[in-house]
Amino acid sequence: MKGRISSFESLGTVDGPGVRNVVFMQGCPLRCACCHNPETWDVNGGKETDSIELSERILRYRNYFGPEGGVTVSGGEPLLQASFVAELFSILKKAGINTALDTSGCLWNEDVERLLSVTDLVLLDHKFATEEDYVKYTKGSLKRTEDFLSELQKRDIPTWIRRVIIPGINDDEASSRQLLELEKRFSCIKKTEPLPFRKLCLSKYESLGIDFPLKDVREADEGDIAKVFGFY
């Protein structure tokens with residue numbers, strides 16, 4: 001099966017447990033103000049590849065994965081190519097490779113349902129605490145993300161919640177406490193990861209001729225992350 005990828009990282013250590021290959025899929029329906037990968041937005045961009053060819057590339061690295069590592073498919077939004085990712089994960093699971101899906105949870109259909117059946121771990125980007133902020137800063141929907149989380153709960157799929165902490169926007173006490181409430185409501189959540197807002201992507205936006213909406217917002221530091229946990 002054919003799919004389109006933006007890039008491939010051979011030895012990632014921040015996108016799931018252990019050492020992992022990270023595949024960044026092409027295409028995303030959201031326009032998050034803090035997006036680090038604007039080059040992935042265009043569904044027709046990137047490079048076409050084959051699921052078998054990509055799985056063979058991943059399997060060449062299996063000796064580096066160790067007991068916890070594997071492959072993480074990110075984006076962009078991998079749910080846009082759920083059928084392709086499901087085919088890839090099916091091949092890898094038969095070979096004993098751990099599969100992780102990094103997603104915003106913004107879509108649901110039969111292909112997504114099939115994909116979850118071959119997914120070992122979901123890294124769910126729960127970006128903001130309110131529907132209003134979701135619309136303002138992502139052009140997406142909090143309800144869709146939480147509906148997706150409910151499906152993960154129903155299927156008992158281990159889930160890590162991730163949120164980029166943006167100073168002055170989603171680092172307040174109410175937003176932080178909402179993360180805690182998620183852990184109480186959903187037993188499938190095994191870990192919560194507040195991630196510091198960074199602006200390393202500025203050169204990408206400049207090269208693409210796109211304005212970076214948060215260019216004047218300061219980067220988050222360790223204190224900002226500690227503050228989030230302090231509200232717990």
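**Ground rules.** I'm working with a predicted model, where local features need pLDDT of at least 70, side-chain atom pairs count only at pLDDT 80 or more, and totals for chains, interfaces and linings use all residues. Residues are numbered from 1 along each chain as its sequence is written, and side-chain values use heavy atoms, with hydrogens and water left out.

**Serine 104.** I found serine 104 in the loop between strand 5 (98-103) and helix 4 (110-116); helices (H or I, at least four residues) and strands (E, at least two) are DSSP runs, numbered from the N terminus. Buried or exposed? Serine 104 is buried, because its relative accessibility is 5% (buried is under 20% relative accessible area, exposed over 50%, partly exposed in between, with a 1.4 Å probe and protein chains only). Not counting residues up to four places away in sequence, serine 104 touches several residues, including Leu30, Glu77 and Asp125 (contact means heavy atoms within 4.5 Å).

**Ring pairs.** I looked up the aromatic pairs and got eight. Rings of Phe, Tyr and Trp (its six-membered ring) pair if their centres lie within 6.5 Å; planes under 30 degrees apart are stacked, over 60 edge-to-face, the rest tilted. Tyrosine 61 and tyrosine 64 make a tilted pair, at 6.4 Å between centres and 50° between planes. Phenylalanine 128 and tyrosine 134 sit 6.1 Å apart, centre to centre, with planes at 85°, so I noted that pair as edge-to-face. Both phenylalanine 128 and tyrosine 134 are buried.

**Charges over rings.** I saw arginine 57 over the face of phenylalanine 8, 3.8 Å from the ring centre. Lysine 191 lies over the face of tryptophan 160, at 4.2 Å. This counts if NZ of Lys or CZ of Arg is within 6 Å of the ring centre and within 35 degrees of the ring normal.
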